[in-house]
Amino acid sequence: MQDGKIIVAYIGNGKSTNRYHIPFVLTRKNKFKIKSIYNPRVHHDVWPAVEGVIYTEHIDDVYHDPEVDLVVVSTRQSLHYPYVKRALESGKHCLCEKPFMETAEEAREVFALAKEKGLYCSAYQNRRYDSDFLTMQKVVEEGKLGGLLEVEMHYDYYRPEVPNGVEGFTKSSSYLYGHGCHTLDQAISYFGRPDHVHYDVRQLLGEGRMNDYFDLDLYYGILKVSIKSSYFRVKSRPKFVVYGKTGMFVKESDDRQEEHLKLFYLPGQPGFGKDLPQHYGVLTYYDGAGGFHEEKVPSLEGDYARVYDGIYDCIVHGKEPVIKHWETILQMEMLEEGVRQMALAGKEGEK
């Protein structure tokens with residue numbers, strides 16, 4: 001560390017590093033300093049160089065740098081395991097993009113290695129700090145919905161060109177792995193370990209093609225949490241619908257951080273990521289006297305930099321990690337099981 005700051009190096013210099021990490025870390029200059037970024041071929045035609053950062057085509061410049069405290073792996077998923085493992089073996093704390101690994105066994109192995117060496121290691125679960133997800137939690141905890149009965153979480157697109165452009169199936173290109181890692185983590189982080197799970201994972205374009213649809217039901221006693229996503233939704237379903245015994249909450253629109261980032265409107269600029277009144281969710285409920293209410297709920301502010309705040313508190317102040325190892329392992333187990341059941345369903349369909 002230098003002057004109380006954690007020194008960071010990134011592996012990968014693509015969209016994830018430059019859109020979902022660096023802009024947020026730069027809002028925490030009192031806690032973090034970016035020293036270097038490794039990429040096999042350094043170029044700045046898409047993403048401009050960050051002032052003061054060393055760009056290198058030699059991976060050992062990251063692993064062998066004694067000043068680097070934290071390595072952030074932000075590459076395609078097939079490279080996560082070797083990069084994270086070597087970072088830990090080099091004595092570096094590690095943060096890795098999601099999906100974290102390809103298998104739960106790989107996740108267990110790297111977490112065991114981190115524990116053995118006394119190092120921080122986690123997945124980058126930034127979607128815990130989506131505005132819509134935080135607002136949903138606030139509504140639930142206020143109690144106006146009564147006992148929870150059902151939660152629907154949707155992550156929809158109309159992007160048929162994506163599955164149509166992928167001829168074969170791999171875990172890393174599947175919709176379940178690529179997008180289920182967001183919503184599954186939200187469900188696990190807030191509701192915990194489910195009693196059981198029902199999986200409906202499909203290849204709408206046919207067996208052997210990309211997985212382009214999933215519908216997972218997580219059961220917690222009488223509560224059912226449904227996680228649904230598709231590439232073929234001409235009109236997206238509400239992001240969150242929450243049903244209780246005395247009310248319901250509907251949040252139609254997504255967190256706006258990603259929307260602004262795509263426009264190169266960055267954290268720290270006025271209004272970044274903030275909902276306008278037309279984006280607010282609607283809470284409908286009956287009070288204890290039988291009175292009917294319907295009201296807009298101002299959205300809480302999302303902030304992906306809070307992942308880095310948790311890392312800082314863990315490494316520097318010794319606090320418990322916010323993103324727990326068991327949560328990530330459970331998510332990997334569920335992603336694997338979803339793909340397994342999809343394959344079984346395909347074989348049954350051949351009979």
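Phe-264 sits in the loop between helix H8 and strand S13 (281–286). In this predicted model, Phe-264 has a positive phi of about 60 degrees, although the residue is not a glycine. Phe-264 is also exposed, because its relative accessibility is 53% and the cut-off for exposed is over 50%.

**Backbone features**

- Most residues other than glycine have a negative phi, and most peptide bonds are trans.
- Asp-3 is another residue, not a glycine, with a positive phi, here near 55 degrees.
- Asp-3 belongs to the segment before strand S1.
- With a relative accessible area of 78%, Asp-3 is exposed.
- The peptide bond from Lys-98 to Pro-99 is cis, and its omega is near -5 degrees.
- Pro-99 is found in the loop between strand S5 (93–96) and helix H4 (104–117).

**The largest pocket**

- The largest pocket holds about 890 Å³ of space.
- Its lining has 37 residues, and Lys-15, Ser-16, Glu-97, Lys-98 and Gly-178 are the closest to the pocket centre.
- H7 supplies the largest share, with 5 residues.
- By class, the pocket lining divides into 16 polar, 12 nonpolar and 9 charged residues.

**The largest cavity**

- Across the whole structure, the search finds 1 cavity of 30 Å³ or more.
- About 40 Å³ of space lies in the largest cavity.
- Tyr-120, Tyr-129, Val-307, Gly-310, Ile-311, Val-322 and Ile-323 line the largest cavity.
- That lining has 6 nonpolar residues, 1 polar residue and no charged residues.

**Aromatic pairs**

- A pair of aromatic rings is described by the distance of the centres and the angle of the planes.
- The count for this structure comes to 16 aromatic pairs.
- One of them joins Phe-24 and Tyr-304: the pair is tilted, with 5.3 Å from centre to centre and 50 degrees between the planes.
- Phe-24 is in helix H1, while Tyr-304 is in the loop between strand S14 (292–297) and helix H9 (305–317), so the pair ties together parts that are 280 residues apart in sequence.
- Both Phe-24 and Tyr-304 are buried.
- Elsewhere, ring pairs link Phe-133, Tyr-190, Phe-191, Tyr-220 and Phe-240 into a cluster.

- Thr-27 is placed in the loop between H1 and strand S2 (32–38).
- A polar atom of the Thr-27 side chain lies 2.5 Å from the backbone oxygen of Phe-24.
- Leaving out residues up to four places away in sequence, Thr-27 touches Pro-267 and Ala-305.
- Thr-27 is partly exposed, because its relative accessibility is 32%, which falls between the 20% and 50% cut-offs.
- From C-alpha to C-alpha, Thr-27 and Trp-47 are 18 Å apart in space, and they are 20 residues apart in sequence.

- Asn-13 is in the loop between strand S1 (6–11) and H1.
- Asn-13 counts as buried because its relative accessibility is 8%, and the cut-off for buried is under 20%.
- The side chains of Asn-13 and Asn-18 make a polar contact at 3.0 Å.
- Beyond residues up to four places away in sequence, Asn-13 touches Asn-18, Ile-37, Tyr-38, Asn-39, His-43, Trp-47 and Tyr-55.

**Glu-327, in helix H10**

- Glu-327 is part of helix H10 (residues 325–350).
- Its relative accessible area is 6%, so Glu-327 is buried.
- A polar atom of the Glu-327 side chain lies 2.9 Å from the backbone nitrogen of Lys-324.
- Not counting residues up to four places away in sequence, Glu-327 touches Arg-128, Ile-188, Ser-189 and Val-322.
- Val-322 is also listed in the lining of the largest cavity.

Notes
Residues are numbered from 1 along each chain as its sequence is written. This is a predicted model: local features need pLDDT of at least 70, side-chain atom pairs count only at pLDDT 80 or more; totals for chains, interfaces and linings use all residues. Side-chain values use heavy atoms; hydrogens and water are left out. On a 1 Å grid over the protein atoms alone, a cavity is a set of points where a 1.4 Å probe fits but cannot get out, and a pocket is an open set with protein on both sides within 12 Å along at least five of seven lines; lining residues have an atom within 4 Å of a point. Grid points are joined across faces, edges and corners, and a volume is the space filled by probe spheres set on the points. Helices (H or I, at least four residues) and strands (E, at least two) are DSSP runs, numbered from the N terminus. Ala, Val, Leu, Ile, Met, Phe, Trp, Tyr, Cys and Pro count as nonpolar, Asp, Glu, Lys and Arg as charged, and the others, Gly among them, as polar. Buried means under 20% relative accessible area, exposed over 50%, partly exposed in between (1.4 Å probe, protein chains only). A polar contact is a pair of N or O atoms within 3.5 Å; within protein, one must be able to donate a hydrogen and the other to accept it, and residues adjacent in sequence count only if both atoms are side-chain atoms. Contact means heavy atoms within 4.5 Å. Rings of Phe, Tyr and Trp (its six-membered ring) pair if their centres lie within 6.5 Å; planes under 30 degrees apart count as stacked, over 60 as edge-to-face and the rest as tilted.
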